[in-house]
Amino acid sequence: MLTYKTWNNPTYEFEIDTTYKGALNVLEWAYQHYQDDVVYACSFGIEGIVLIDLISKVKPNAKIVFLDTDVHFKETYETIARVKEKYPKLDITLRKPKLTLEEQKEEYGDRLWESTPDLCCEIRKLTPLKETLMGAKAWISGLRREQSETRKQVQFINRDEKFQSVKICPLIHWSWKDIWRYAYNQNLPYNPLHDQGYPSIGCFHCTAPAYDVNDLRSGRWKGKGKTECGLH
């Protein structure tokens with residue numbers, strides 16, 4: 001089995017078909033290879049919704065984890081509820097950080113997401129994901145090469161140094177248009193904030209509508225000099 005420890009620069013080749021651009025082939029390999037030892041960490045943005053639909057075709061009872069920071073938009077929680085209704089067999093779990101918002105305030109001060117956003121992400125997202133991945137050999141992510149400069153080099157299968165795991169990214173060849181075309185054609189539920197200028201949706205304190213049409217993540221951590229929460 002391919003794991004972080006047994007990594008030897010694998011040369012798996014996946015057919016890049018016109019319909020799924022390799023995504024379904026990668027998912028079929030992932031669930032055949034890891035079976036129940038792979039988890040999808042989903043943000044429930046539009047890429048996540050598409051990936052959930054694809055996963056449901058391969059493994060209807062797959063494990064899906066949402067990192068619930070306690071400060072997501074209400075629309076995000078409503079979207080999760082609709083997805084659970086559409087895919088009742090999927091094992092969707094909301095993973096919360098150990099510290100409540102009140103405990104975080106007492107230990108680190110109020111509005112940590114403004115004073116030290118990296119620490120806030122560490123407490124409320126990175127640590128919970130690390131704990132989640134302790135029980136899995138690999139994890140799935142909805143990263144696409146088109147999303148940002150920092151994601152242009154991502155491969156289908158990646159050695160994840162941060163979490164010492166194998167990170168599988170089935171959507172790397174999908175464009176923003178591909179994502180939406182698929183969502184519309186399949187009539188998938190999605191977060192209504194996407195229709196209000198939010199192409200990338202995270203915690204409500206740190207997410208604003210995108211201000212650069214060429215950068216879908218330009219509304220994240222606006223003015224903080226920060227474009228990633230640290231998961232990738």
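Trainee: Which residues of helix α7 are buried?

Mentor: In this predicted model, the buried residues of α7 (residues 176-185) are Asp-178, Ile-179, Trp-180, Tyr-182 and Ala-183.

Trainee: What do the buried residues of α7 pack against?

Mentor: They pack against α2 (46-58). Just after α7, Asn-187 takes a positive phi of about 55°.

Trainee: Why is Leu-101 called partly exposed?

Mentor: Its relative accessibility is 32%. Buried means under 20%, and exposed means over 50%. The value of 32% lies in between, so Leu-101 counts as partly exposed.

Trainee: Where is Leu-101 found, and which residues does Leu-101 touch?

Mentor: Leu-101 is in helix α4 (residues 101-108). Leaving out residues up to four places away in sequence, Leu-101 touches Thr-69, Asp-70, Val-71, Trp-113 and Arg-124. Asp-70 is 31 residues away along the chain, with a C-alpha separation of 7.5 Å from Leu-101.

Trainee: What makes Asp-68 and Lys-96 a salt bridge?

Mentor: Their closest N and O atoms are 3.0 Å apart. The cut-off is 4 Å, so the pair qualifies. The bridge links distant parts of the chain, 28 residues apart. Asp-68 sits in the loop between β2 (63-67) and α3 (74-86). Lys-96 sits in the loop between β3 (91-95) and α4.

Trainee: Are Asp-68 and Lys-96 buried or partly exposed?

Mentor: Asp-68 has 3% relative accessibility, under the 20% limit, so Asp-68 is buried.

Trainee: What makes Glu-146 and Arg-144 a salt bridge?

Mentor: The closest N and O atoms are 2.9 Å apart. Arg-144 has 0% relative accessibility, so Arg-144 counts as buried. Glu-146 has 44%, so Glu-146 counts as partly exposed.

Trainee: How many salt bridges does a search of the whole structure find?

Mentor: The search finds 15.

Notes: Residues are numbered from 1 along each chain as its sequence is written. This is a predicted model: local features need pLDDT of at least 70, side-chain atom pairs count only at pLDDT 80 or more; totals for chains, interfaces and linings use all residues. Side-chain values use heavy atoms; hydrogens and water are left out. Helices (H or I, at least four residues) and strands (E, at least two) are DSSP runs, numbered from the N terminus. Buried means under 20% relative accessible area, exposed over 50%, partly exposed in between (1.4 Å probe, protein chains only). Contact means heavy atoms within 4.5 Å. A salt bridge is a side-chain nitrogen of Lys or Arg within 4 Å of a carboxyl oxygen of Asp or Glu.
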